[in-house]
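Here's a quick briefing to read alongside the model. Have a look at the fold, then go through the points below by topic.

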Amino acid sequence: MSGKIEFLSRTGEQTKAIHAGEFPDPVTRASSPNLVMSTTFVTDADSGFSAENMEKDDIWMYSRWGNPTVHQLEVKLAALEEAEAGIAFDSGMGAISALLFHILKSGDHAIVSDVAYAALSELTNEMIPGLGIGITKVDTSDLYAIEKALQFNTRLIYIETPCNPLLRLTDITAVSEIAHSAGARLVVDSTFATPMATKPLTLGADFVIHSLTKYLGGHGDALGGIILGEKEELFSLRKKTAIRLGGVLSPFNAWLILRGLATFPIRMRVHQENALKLAIYLEQHPKVKRVIYPGLPSHPQYELASRQMKNFSGMITFQVLNGRETAQTLAERLQIIHYAVSLGHHRSLIFYMDSENLQQTSFRLDTSRQVDSWNEFAGEGIFRFSVGLEDADDLIADLEQALL
Ligand SMILES: *Cc1c(COP(=O)(O)O)cnc(C)c1O
């Protein structure tokens, strides 16, 4: 078995996506791994009852502590992300909240991207500060703003790149240097980029977060999340936080996500190819004011995108003059593209992001510099478009008949 693990560690992404973490079933010799739904496992009489007694995270005891099917997923994702280990959760937010509880305690301070996934933004607006943890929101594409926000008790810098919904990038290597020289840890939510684009741990990040609900699962039928990082640290996170907060992934969802992962590198190549075609189409459309796609030379950070992303992923943000009305027309007229939230699925999804409303609810941008950065990037009337795996010509035809 160790020969196989070593052989796999030198293979390409597609081979890892198919084989890492998997072995033929030792009893039945089934080539496709069995789904283990059991919540409990028969143990030896000397097993301890508390998670404190847990010595390894692949000895099965109770499925909240660890489960063989979920473990396969954790090993496969660790291989794809070049991480030592991973812990899967019931959703991306499950992973994010467990990680915040693991790192931060009362009296600590954290710097968080001012534009990031809405639920993370809302969690850090009131609830986390309510626990006596200081939070400063900054535009993390601005390295000077991060340095200025550092405090003696800053334990964590939390970034998302590209960020949702602006597709603004943050330089991971530069921020990891700032974080480490201040004695803080760097967490990167890499859901939009995926490990096909960027491997943040190799650029200096301490933890990577993914919502598995998006590109990694890829089929819009299972929520999930993961934290990836260093083995010892994650073992302690599993014992102290994951098991006690309890938001762990169900084996059935792990099995669905594992099936989705088998085609993940192939899918990302097509997501990128389709997104580039759609971005070029939208850029010349008379109704479209602006297109933001990291793979277009018109992206304000194209140089950083080319350096940091090996695949530009499938997310496009575009701006029109009359956003509300266009949203109405698109919701009524689109035939293939679904007017729906979420992203990273084989189906194309589009959704209107009301800038004014988002700035009042999720992102409370409080300096004029932050507001200027938002407007410079996208402004009013923006759509988030998750370009799926349909034929690009059909997606263009669908927009052509709907975008009036
Ligand atoms: C969707 C998403 C999340 C949250 O994931 P869930 O699985 O919906 O809980 C976190 N970060 C980013 C960037 C996302 O797109």
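**Sheets, strands and a helix pair**

In strand 12, Phe385 is the bridge partner of Ile350. Keep in mind that this is a predicted model, where local features need pLDDT of at least 70, side-chain atom pairs count only at pLDDT 80 or more, and totals for chains, interfaces and linings use all residues. Residues are numbered from 1 along each chain as its sequence is written, and side-chain values use heavy atoms, with hydrogens and water left out. Helices (H or I, at least four residues) and strands (E, at least two) are DSSP runs, numbered from the N terminus.

- Five strands make an open sheet with mixed pairing, in the order 8-9-12-11-10; two strands pair if DSSP finds at least two bridges between them.
- Strand 8 (288-292) and strand 10 (338-339) sit at the edges with a single partner strand each, so one side of each has no neighbour in the sheet.
- Strand 11 (residues 349-353) pairs with strand 12 (residues 382-386) in the antiparallel sense, over five bridges.

- Strand 6 (residues 207-211) and strand 7 (residues 225-229) run antiparallel and are joined by five bridges, with Phe207 opposite Gly229 of strand 7.
- Strand 5 and strand 6 run parallel, joined by three bridges, and Asp189 has Ile209 of strand 6 as its bridge partner.

**How covered is strand 6?**

- Both faces are covered: Phe207, Ile209 and Ser211 on one side and Val208 and His210 on the other are all buried (under 20% relative accessible area, with a 1.4 Å probe and protein chains only).
- Five of the five residues of strand 6 are buried, so the rest of the structure largely encloses this strand.

**Helix 4 against helix 8**

- Helix 4 (residues 92-103) packs on helix 8 (residues 231-245) at an angle of about 115 degrees, with the axes 10 Å apart; axes are lines fitted to C-alpha atoms, for helices over the stretch in contact, and angles run from 0 to 180 degrees between N-to-C directions.
- That makes helix 4 roughly perpendicular to helix 8 (65 to 115 degrees).
- The contact (heavy atoms within 4.5 Å) involves Ala98, Leu99, Phe101 and His102 of helix 4 and Glu233, Ser236, Leu237, Thr241 and Leu245 of helix 8.

Definitions and conventions:
Parallel < 35°, antiparallel > 145°, perpendicular 65-115°, else oblique. Buried < 20%, exposed > 50% of the residue type's maximum accessible area, 1.4 Å probe, protein only.
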